[in-house]
Amino acid sequence: MTAPYQVLPDLPPEEFADLKADIEEHGLRYPPVVDENGTTIDGHQRRRALEELGRDYHTIVLPPGLSDADKRTEARRLNLLHRQVSQEQRRGLIADQLKDTPDWADNRIAAVIGVSDHTVAAVRGELEANFAIAKLEAHEGADGRLRAKRRPIEIAKNRHDRQVTQRLLGQCDPTILPAEVLDVRGLGKAVNRQGRAANGEAEGDATVGTATLLLGDFREKGAAIADASVDLIFCDPPYTQEWLPNWVDLGEFAARVLRREALCVTYLGNTTCLEAIDGLRQHLRLHIAGALWTPGPRAKLFSLNVYIRCKPLFFWTRRDFVLGSQPWFFNGFESERLTKTYHRWQQGIAPARYYIETLTRPGDLVVDPFLGGGTTGVAALQLGRSFVGIEIDAVAMATATARIREAEAARLAAVQEAAS
Ligand SMILES: C[S@@+](CC[C@H](N)C(=O)[O-])C[C@H]1O[C@@H](n2cnc3c(N)ncnc32)[C@H](O)[C@@H]1O
């Protein structure tokens, strides 16, 4: 793609042949659009077809004086209008527009290039998270006025929150609901309070079979775990930029609680793994690097034009680790297809089961300081291990607790059935 304003690739040969045949049979529907210098803005394929057919044609000339960015915007608008684009191409065009005009509000971009506000907001969120564009405090609306970013009220604002809200409402005694506006966070807290009251448990914490679930920061709640008492840490901390300073604390925590011969297995983010490794290695020793493969629909990183098929999975030990009769294990694992039923960052249960089953024995203690939707806890209980899970977010904790309770009830029912 060498033409300066060509925003989509050339048509594949078969579609180009169809376009030529269509022009021959029906004539030209939309004349190519050019700038004041005759450079094509829209209609690269039509122009090529017309030239190959030896046809005369006229063009629409844009008013002079437009900037390069204005011309690219017009090219995107016209392509979205005339060409059948895939969802992936649509999001790619929006991403390019956001990189050109990050200061335009979502609704302005949506109106100018002819897409939905919702899709612009989703693509913007992804680009901001990957630092491809800056997070601005204000955006320019379609009327040219600068407006501060509106902070959304968190009432089930996405599919995940809606699912969590529905599940929490299902578990909730309506009489415990606060009378004022209820958001998903408040609902999680109310359900947690109800569960604690029913079990006579301490603030925020729960016990399910051999699992202890602690609500709070792993640095504070983790203090309850004795030195050198843990047989495996299996965890998936957040990979965000803001979270980077916490990796060193995770390393310190793991170095304190792990047994000398035990491993700490962590997922890492594809774009933030270097900082994570720097933090972890301050207190831990790298045992081996590895990877988790994720099948299913391809996750896309628009800021880098990469389809994500795997992420780093790293294996760490205490500094004074000595290899004895530890089991052999694979440093790579292919996860089952991921679902996000219990947490927006939920991982598959198969890798948790594989590493818990391989690296520990029944009755051993497994810890996940970032419980999320409770995946590691479910795997640990299914395999008859003791488990401590810590989670800072009350909504995630309520969901994970309910999920782990269900899994434990299913395990007990299976044991009873087998015994009868
Ligand atoms: C990537 S998610 C874990 C997902 C989990 N593996 C699953 O499959 O559902 C990371 C979790 O760590 C929690 N978290 C972040 N900082 C924390 C902290 N300082 N202490 C405890 N939990 C924390 C987040 O709230 C989030 O739920």
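Which residues in H1 meet which residues in H2? The legends below take up this contact and several other close-up views. The model is predicted, and local features need pLDDT of at least 70, side-chain atom pairs count only at pLDDT 80 or more, while totals for chains, interfaces and linings use all residues. Residues are numbered from 1 along each chain as its sequence is written.

**View 1. Helix H1 packed with helix H2.** Helix H1 (residues 13-26) and helix H2 (residues 44-53) pack at an angle of about 65 degrees, with axes 10 Å apart; helices (H or I, at least four residues) and strands (E, at least two) are DSSP runs numbered from the N terminus, and axes are lines fitted to C-alpha atoms, for helices over the stretch in contact, with angles running from 0 to 180 degrees between N-to-C directions. The crossing of H1 and H2 is right-handed, a crossing being left-handed if the near helix is turned anticlockwise from the far one by less than a right angle, and right-handed if clockwise. Phe16, Leu19, Lys20, Ile23 and Glu24 in H1 meet Gln45, Ala49, Leu50, Glu52 and Leu53 in H2, where contact requires C-beta atoms, placed from the backbone, to lie within 7 Å. The residues of this contact divide into 6 nonpolar, 1 polar and 3 charged, with Ala, Val, Leu, Ile, Met, Phe, Trp, Tyr, Cys and Pro taken as nonpolar, Asp, Glu, Lys and Arg as charged, and the others, Gly among them, as polar.

**View 2. Leucine 28 in the loop between H1 and strand E1.** Leucine 28, in the loop between H1 and strand E1 (33-34), has 15 other C-beta atoms within 10 Å and is therefore partly exposed; a residue is buried if 20 or more other C-beta atoms, placed from the backbone, lie within 10 Å of its own, exposed if 12 or fewer, and partly exposed in between. Not counting residues up to four places away in sequence, leucine 28 touches Ile23, Arg46, Leu50 and Tyr57.

**View 3. Helix H5 crossing helix H6.** The axes of helix H5 (residues 106-113) and helix H6 (residues 117-129) come within 8 Å and cross at roughly 120 degrees. That angle makes H5 oblique to H6, given that angles under 35 degrees count as roughly parallel, over 145 as roughly antiparallel, 65 to 115 as roughly perpendicular and the rest as oblique. The crossing of H5 and H6 is right-handed, and Asp106, Asn107, Ile109 and Ala110 in H5 meet Asp117, Val120, Ala121 and Arg124 in H6. By class, this contact of H5 with H6 has 4 nonpolar, 1 polar and 3 charged residues.

**View 4. The largest nonpolar core.** The largest nonpolar core has 62 residues, and those with the most contacts inside it are Leu213, Val230, Ile233, Phe234 and Ala254; such a core is a set of buried Ala, Val, Leu, Ile, Met, Phe, Trp, Tyr and Cys residues joined through C-beta atoms within 7 Å. Helix H14 (residues 394-419) supplies the largest share of this core, 9 residues. Apart from this core lies another, of 19 residues, among them Ile94, Ala105, Ile113 and Val120. Leaving aside neighbours within four places in sequence, isoleucine 233 is in contact with Ala254, Leu258, Cys264, Val265 and Val367.

View 5. Most residues other than glycine have a negative phi.

**View 6. Helix H12 against helix H13, with alanine 407.** The axes of helix H12 (residues 349-359) and helix H13 (residues 375-382) come within 9 Å and cross at roughly 45 degrees, so H12 is oblique to H13. H12 passes H13 in a right-handed crossing. Alanine 407, in helix H14, counts as buried with 21 C-beta neighbours inside 10 Å, and, leaving aside neighbours within four places in sequence, alanine 407 is in contact with Val378, Leu381 and Gln382.

Terms used:
Two residues are in contact if their C-beta atoms, placed from the backbone, lie within 7 Å.
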